[in-house]
Amino acid sequence: MAQNLKPNERELIRLVNFFKKKTKALTQENKSIEEYAQLLETGDKLVEQITIHAANRDIVEGERKKLNELVKENAVCPKCQKSNQLKLVGTSKSPEGWKSNKYKCRKCNIEFVWNAPNNPWDMIPYVERFIVQSEEKIAKENVPAEEKEQVAVMVQQMKANLDKLKPVVLASDADLTELESRDKEMDELINKFKKYLMIEKIKMED
């Protein structure tokens, strides 16, 4: 059973298990359980769907977590230029909407926001903007040829990295959209069947 279950999913599974135990007890008492046969069959099928959906949710969320970890920061304190005394204290959003990490340097006792996004979703527009600025820079006549060559090489590397990152991010977003749509469908099924089971449970316990 997947561990990443939502409260309503857990509750539905508990209710189905309740009916299984009750009908088993009725069988042992030689009482008919025919009226609960369809209920148990529907319950088993829904629990199976929940299990599959929850496992898929684990996969999608796990992949997005790994994707988020692709952005490796080399943050350093702007005052002492060291990283070994930094503590992550939160996040901040830039005027452009990019999320960046906020750090505190224990040595210098200052807080600062690192000047780059902390996730691949924001990193894409950030790098795209940097590429445009770099290309505009080397287009100027007064830039030395050696510097132009160095910047051009860097830009090509950035473009190559973006070509690899973009499809992965887009695929992850598509998976999340599909998961959220399926989540909504499952919630409707679960809530509807849960109400039915609660009514049947009250009847059974009377």
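Strands here are DSSP runs of E with at least two residues, helices are runs of H or I with at least four, and both are numbered from the N terminus. β1 and β2 form a hairpin with five residues between them. In the turn, pick Gly-97, whose phi is positive, about 100 degrees. The model is predicted, so local features need pLDDT of at least 70 and side-chain atom pairs pLDDT 80 or more, while totals for chains, interfaces and linings use all residues. Residues are numbered from 1 along each chain as its sequence is written, and side-chain values use heavy atoms, with hydrogens and water left out.

Stay on the strands. Show Lys-93 and, opposite it in β2, Lys-99.

Next, select helix α2, residues 37–68, and helix α4, residues 145–205. Their axes come within 9 Å and cross at roughly 155 degrees. Axes are lines fitted to C-alpha atoms, for helices over the stretch in contact, and angles between N-to-C directions run from 0 to 180 degrees. α2 and α4 are therefore roughly antiparallel, a label for angles over 145 degrees. The crossing of α2 and α4 is left-handed, meaning that the near helix is turned anticlockwise from the far one by less than a right angle. The contact residues of α2 with α4 comprise 16 nonpolar, six polar and eight charged. Asp, Glu, Lys and Arg count as charged; Ala, Val, Leu, Ile, Met, Phe, Trp, Tyr, Cys and Pro as nonpolar; the others, Gly among them, as polar.

The contact of α3 with α4 has 15 nonpolar, two polar and eight charged residues.

Now select Leu-12, Phe-19, Ile-50 and Leu-197, the residues with the most contacts inside the largest nonpolar core, which has 20 residues. Such a core is a set of buried Ala, Val, Leu, Ile, Met, Phe, Trp, Tyr and Cys residues joined through side-chain atoms within 4.5 Å. α1 (7–28), α2 and α4 each give two or more residues to this core; α1 gives the most, seven.

Finish at Leu-39 in helix α2. Leu-39 counts as buried because its relative accessibility is 6%, and buried means under 20% relative accessible area (1.4 Å probe, protein chains only).

Methods: Pairing = 2+ DSSP bridges. Parallel < 35°, antiparallel > 145°, perpendicular 65-115°, else oblique. Buried < 20%, exposed > 50% of the residue type's maximum accessible area, 1.4 Å probe, protein only.
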